[in-house]
Amino acid sequence: MYAICLEQVSLWRRTQEEFSYDLKKTILSFLEGKYRQPAKNLVLDRVDLFVEAGEKLGIIGGNGAGKSTLLKLVCGILQPTSGSVRIWGKIAPLIELEAGFDPEISVLDNIVFYGVMLGFSRREMRERVKPILEFAELEDYAYVPVKALSSGMVSRLGFAIATDVHPDILILDEVLAVGDQRFKNKCKQRLQKFWDANATVLLVSHELDLIEQTCDRVLWLDKGQVKCIGETKEVVGYYRDMVKHTSSFS
Ligand SMILES: Nc1ncnc2c1ncn2[C@@H]1O[C@H](COP(=O)(O)OP(=O)(O)OP(=O)(O)O)[C@@H](O)[C@H]1O
């Protein structure tokens, strides 16, 4: 039984340059005859991906390969330009941790809203507030607006919520790269629960050892395309060889 199916998924995105777009500049450049069509990048190129329920899939690849973008498509934050994305079950995305929070409202209200956004009821979430605050070690901050927390505290809050609510699919993007060492160890222990349970996990990481230790299968993305997908040791081995080979020429 599949939890995630991506078929022939492609995504074009405007380049960052286009974000400096303003109407006045556009009209001027049009009048001066210098107008050109907005530039776009093919960020994902005809990606096929089928993930079984309960599978732990690692996603690796160089900077800008499209790993985070792929996760955002799975979570529904982005829509593909073409192709289809189908998901079965409740998803808890742990990506861009601050993105899901409203900085103006309290930590407590954010916990409830975040959970509701993930598809849980308000009542369920109110019951989860205490253990979430405890895990994040933010009991004293329940009524403080999120904007008053440090970035490490916000990361702890995001991690505590996404891993408390028992999602069917957990999406992890370099989550263990944040926080201090003591909290990182605590997070690793908690993640173990998901590995033991039936949750489907997508894990993006540059830590190849972590991928090798924890994933059943690995997808290697290269410039938006599937370079290779298969058994963890094999794919990570190819990737390490490529890194060794290319760095010996630079
Ligand atoms: N908001 C955005 N608008 C337009 N293009 C973007 C945006 N975010 C990322 N991109 C582009 O999409 C491509 C893939 O980026 P993505 O963040 O998915 O890569 P990644 O594999 O996660 O990289 P990294 O390992 O550096 O985190 C890159 O070319 C990047 O410049």
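Which residues touch the most other members of the largest nonpolar core? Before I answer, two remarks on the model. This is a predicted model, in which local features need pLDDT of at least 70 and side-chain atom pairs count only at pLDDT 80 or more, while totals for chains, interfaces and linings use all residues. Residue numbers start from 1 along each chain, following the sequence as written.

The residues in question are I59, L94, L170, I171, L172 and L202, in a core of 62 residues. A nonpolar core here is a set of buried Ala, Val, Leu, Ile, Met, Phe, Trp, Tyr and Cys residues joined through C-beta atoms within 7 Å. Buried means that 20 or more other C-beta atoms lie within 10 Å of the residue's own, exposed means 12 or fewer, and partly exposed lies in between, with C-beta atoms placed from the backbone. Helix 5, residues 151-164, gives the most to this core, with 6 residues. At least three core residues come from each of domain 1 (1-89 + 169-179 + 198-250) and domain 2 (90-167); these bounds come from an automatic or database domain assignment.

Let me take I171 as an example. Neighbours within four places in sequence left aside, I171 is in contact with L71, V74, C75, I91, A92, P93, L94, I95 and L202. Contact requires C-beta atoms, placed from the backbone, within 7 Å.

I turn now to the sheets. Helices (H or I, at least four residues) and strands (E, at least two) are DSSP runs numbered from the N terminus, and two strands pair if DSSP finds at least two bridges between them. An open sheet of 6 strands runs in the order 5-6-7-3-8-9, with mixed pairing. Strand 5 (91-94) and strand 9 (225-231) are at the edges with a single partner strand each, so one side of each is left without a neighbour in the sheet. Within this sheet, strand 3 (residues 56-60) and strand 7 (residues 200-204) pair in the parallel sense over 4 bridges.

Strand 1 (residues 2-14) pairs with strand 4 over 5 bridges, and I4 stands opposite I87.

Finally, R190 belongs to helix 6 (residues 181-196). R190 is partly exposed, because 14 other C-beta atoms lie within 10 Å. Between R190 and D164 there are 26 residues in sequence separation and 9.2 Å in space, C-alpha to C-alpha.

Note on methods
Two residues are in contact if their C-beta atoms, placed from the backbone, lie within 7 Å.
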